[in-house]
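Visitor: I have a structure open and would like to learn how to read it. Could you walk me through it?

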Amino acid sequence: MSAERADDLAANLRAVRARISAACVAAGRPEDAVSLTVVTKFFPASDVALLAGLGVAAVGENKHQEGQDKRPAVAALRGRDDLRWHFVGGLQSNKAAAVAGWADVVESVDRVKLVRGLSRGAADRPEPLLVLVQVSLDPPGAADGRAGARPEDVPALAESVALAPGLVLGGVMGVAPLGGDPAEAFARLHEVAETVRRDHPGADRVSAGMSGDLEEAIAAGATHVRVGSAVLGPRPVVQ
Ligand SMILES: *Cc1c(COP(=O)(O)O)cnc(C)c1O
């Protein structure tokens, strides 16, 4: 069972890495220009441990409780705590400090209200917490979109993160809207990323692209892709 799962994950991971390299080459970028974060939400600690054994260095979770439980479970299975854990989900302000207790990177900061809690939670960390500002990529005027700060609100939010003790501004993150043109959405993200980088030269991460649209994201300058189902298979349906 586990050996079979390991084979499946290895094959999927090879295929995703090949897609990433091909997209880099097609975009005229170095083959290793883009880092992979495997989004492991809903999948067990045993899968995460297998992925780590296959060379995956960074994993992503979108629920505080799940990430907080899974990290020590994976460390116990591996006998060491050597993965980078990214939080990529919607964040409630009353959970922000707690997320800073286990995540190494928080990619989904979309309002100033989260900054104080993250900063407070980061005070106990040996290293600063890396924070990305999540940018809404909905077309202007869209009604009920996905999470993210409106592009015009991003500079002030980025500044607030950059000034907060214990936090380091790493760049921006975006999720292409369902049903829209991902290339157009990622082009918008690229513009916002440039604006942020003008004020904060070190904030050079652009986290964009998932299983279905990583090629478009890489063409538009993504430095990090977040891939779940293409590596792990379809997520279990929650009843
Ligand atoms: C689940 C998730 C992903 C991965 O999505 P797939 O389509 O399974 O690759 C990436 N980013 C975020 C923010 C997610 O919640």
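Guide: Gladly; let us begin with two terms. Helices (H or I, at least four residues) and strands (E, at least two) are DSSP runs, numbered from the N terminus. Two strands pair if DSSP finds at least two bridges between them. Residues are numbered from 1 along each chain as its sequence is written. This is a predicted model, where local features need pLDDT of at least 70, side-chain atom pairs count only at pLDDT 80 or more, and totals for chains, interfaces and linings use all residues; side-chain values use heavy atoms, with hydrogens and water left out.

Visitor: Which residue in S3 is the bridge partner of alanine 58?

Guide: The partner is arginine 84. S2 (58-61) and S3 (residues 84-87) run parallel and are joined by 4 bridges. On the other pairing of S3, 2 bridges join it to S4, again in parallel, with histidine 86 opposite valine 105.

Visitor: How many bridges join S1 to S8, and how many join S1 to S2?

Guide: S1 (35-39) has 4 bridges to S8 (residues 224-227), and these two strands run parallel. Serine 35 has histidine 224 as its bridge partner there. Towards S2 there are 2 bridges, also parallel, and valine 39 stands opposite glycine 60.

Visitor: Why is S1 described as largely enclosed?

Guide: The word to know is buried: under 20% relative accessible area, while exposed is over 50% and partly exposed lies in between (1.4 Å probe, protein chains only). In S1, 4 of the 5 residues are buried, so the rest of the structure largely encloses this strand.

Visitor: What do S1, H2 and S2 make together?

Guide: A crossover is right-handed if, with the strands pointing away from the viewer, the path from the first strand over the helix to the second runs clockwise. S1, H2 and S2 make a right-handed β-α-β unit, and S2, H3 and S3 make a right-handed one as well.

Visitor: Which residues of H2 are buried, and what do they pack against?

Guide: For packing, contact means heavy atoms within 4.5 Å. The buried residues of H2 (45-53) are Ala45, Asp47, Val48, Ala49, Leu51 and Ala52. They pack against H1 (2-26), S1, S2, H3, S3 and H9 (229-232). After H2 comes glycine 55, with a positive phi near 95°.

Visitor: What span should H3 have?

Guide: The expected span of a helix is 1.5 Å times one less than its number of residues. H3 (residues 64-78) has 15 residues and should span 21 Å; its end C-alpha atoms are 21 Å apart, which agrees. His64, Gly67, Lys70, Arg71, Val74, Ala75 and Arg78 are buried in H3, and the buried residues of this helix pack against H2, S2, S3 and H4. Glycine 79 follows H3, and its phi is positive, near 75°.

Visitor: Where is phenylalanine 42 found, and what is its phi?

Guide: Phenylalanine 42 sits in the loop between S1 and H2. Its phi is near 75°, a positive value in a residue other than glycine. Phenylalanine 42 is partly exposed, at 35% relative accessible area.

Visitor: How many aromatic pairs are there?

Guide: A pair of aromatic rings is described by the distance of the centres and the angle of the planes. Rings of Phe, Tyr and Trp (its six-membered ring) pair if their centres lie within 6.5 Å; planes under 30 degrees apart count as stacked, over 60 as edge-to-face and the rest as tilted. By this rule there is 1 aromatic pair. Phenylalanine 87 is in S3 and tryptophan 102 in the loop between H4 (96-99) and S4, so the pair ties together parts 15 residues apart in sequence. Both residues, phenylalanine 87 and tryptophan 102, are buried.

Visitor: Is serine 108 buried or exposed?

Guide: Serine 108, in S4 (residues 105-109), is buried, with a relative accessible area of 2%. Leaving aside neighbours within four places in sequence, its contacts include Phe87, Gly89 and Met173. The backbone oxygen of glycine 89 lies 2.6 Å from a polar atom of the serine 108 side chain.

Notes. A polar contact is a pair of N or O atoms within 3.5 Å; within protein, one must be able to donate a hydrogen and the other to accept it, and residues adjacent in sequence count only if both atoms are side-chain atoms.
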